[in-house]
Amino acid sequence: MDTATASAKPAAAAAGTQLPEPHTGLIDARLMKIEEVARDTKLYTFARRDGAPLPPYKPGAHVDLHLPNGLLRQFSLVLPASSNPESYTVGVKRDENSRGGSRYIIDEMKVGDEIKISAPRNNFPLVEDAEHVVLFAGGIGITPIWCMAQQLNALGRSWKIYYACRARADMAFVETLEKLEPKFRHLHFDDTGGGVLDIAKAVAEIPASAHLYCCGPNPMLKAFEAAVSGRPRNLVHVEYFTPKEEAAGQESKLGGFWVELARSGEEYFIPEGQKVLEVLFQAGVDVDYSCELGICGACETKVISGTPIHHDSVLSEEEQATNEKVMICCCGCKTERLVLDM
Ligand code: FES
């Protein structure tokens, strides 16, 4: 995940409420290394300021960077970790349309800068003992995928990566990838490959029992979702770094219902156009959150009763259909009352 390309805080801002940055359990870190890996793309390595080990993580995990300019962004961890990692490395691509995240990091940050980082969170876990794994990455979507590829390689598993970029100059880790045996990689460059990668064709050649992962720009994810629509959903894993789709129509309506907190018995009316997260925060309820976009999973909350309307890009369609949990930064509700386990 790299939400440097995502818009900043639209959720709260849209409703006229600006939530302060969440700051519980943050790690005081220092930028230790910057490394260029492709055009406009760099790796940033952070370590704790006190030199102690960092919390462990598995491939697919991301961290929040609390940037010195006040912005909060999520970035996937690029390198597989030991159980006591000494550093976290994330990849950042400078986006001309950036609202300040990636541009700030690439243009302003330098080795030695101090920064606060969240503990890792993982909504995109790798099934490490799968019979076969196929990884699809587009552009900066390579960051969690590369972590997975290295892990699978180290474990000696059966795997293959499809990685698409506009041009060779845009492809991170290209020299390492090109050294892999051809059975492990399919590298695609739009400028010399006749346009975008044909994901449907690639998926059609993959064994039915394989686990498939994809991270990239939304058009790629859309093509991937279409290509895998006939496969069991437990074998398909997608990570969005911008919201899946703009909510539309009546179903997208926010607010206009009651939220009851089962543990405290407190009740709050969520006015039309407002988010559950905002109302609870304003009422002083202790709520965890980060992206406010429905993409990071930080605000995931268990549902006791009521029928939420899901607008997040974290839960699978099957998970959303069960209505067992909900992202309170972006959900609506079909019923008058939503009872939450908090
Ligand atoms: S705060 Fe990120 S999904 Fe809700």
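Tutor: The following conversation sets values against definitions.

Tutor: This is a predicted model, in which local features need pLDDT of at least 70, side-chain atom pairs count only at pLDDT 80 or more, and totals for chains, interfaces and linings use all residues. Residues are numbered from 1 along each chain as its sequence is written.

Student: What is the average pLDDT of the protein chain, and what share of the residues score at least 70?

Tutor: The pLDDT is the predictor's confidence in each residue, from 0 to 100. The protein chain averages 90, and 90% of the residues score at least 70. Over residues 2–16, however, the pLDDT is below 50.

Student: Why is Glu 319 called partly exposed?

Tutor: A residue is buried if 20 or more other C-beta atoms lie within 10 Å of its own, exposed if 12 or fewer, and partly exposed in between, with C-beta atoms placed from the backbone. Glu 319 has 15 other C-beta atoms within 10 Å, so it is partly exposed. Glu 319 lies in helix α8 (residues 317–322); helices (H or I, at least four residues) and strands (E, at least two) are DSSP runs, numbered from the N terminus.

Student: How do you know that the buried residues of α6 line one face of the helix?

Tutor: The buried residues of helix α6 (residues 218–227) are Met 220, Leu 221, Ala 223, Phe 224 and Ala 227. Seen down the axis of α6, these buried residues fall within an arc of 160°, so they line one face. The arc is that of the directions from the helix axis to the C-beta atoms. On the face turned away from the buried side of α6 are the exposed residues Pro 219 and Ala 226.

Student: Which elements do the buried residues of α6 pack against?

Tutor: They pack against β7 (133–138), α5 (199–204), β10 (211–215) and β11 (236–239). Two residues are in contact if their C-beta atoms, placed from the backbone, lie within 7 Å.

Student: What makes the radius of gyration of the protein chain agree with that of a compact globule?

Tutor: The radius of gyration is taken over C-alpha atoms, and the globule rule is 2.2 Å times the number of residues to the power 0.38. With 342 residues, a compact globule would have a value near 20 Å; the protein chain has 20 Å, so the two agree. Along its principal axes, the C-alpha trace spans about 60 × 50 × 35 Å. Buried residues make up 43% of the 342 residues.
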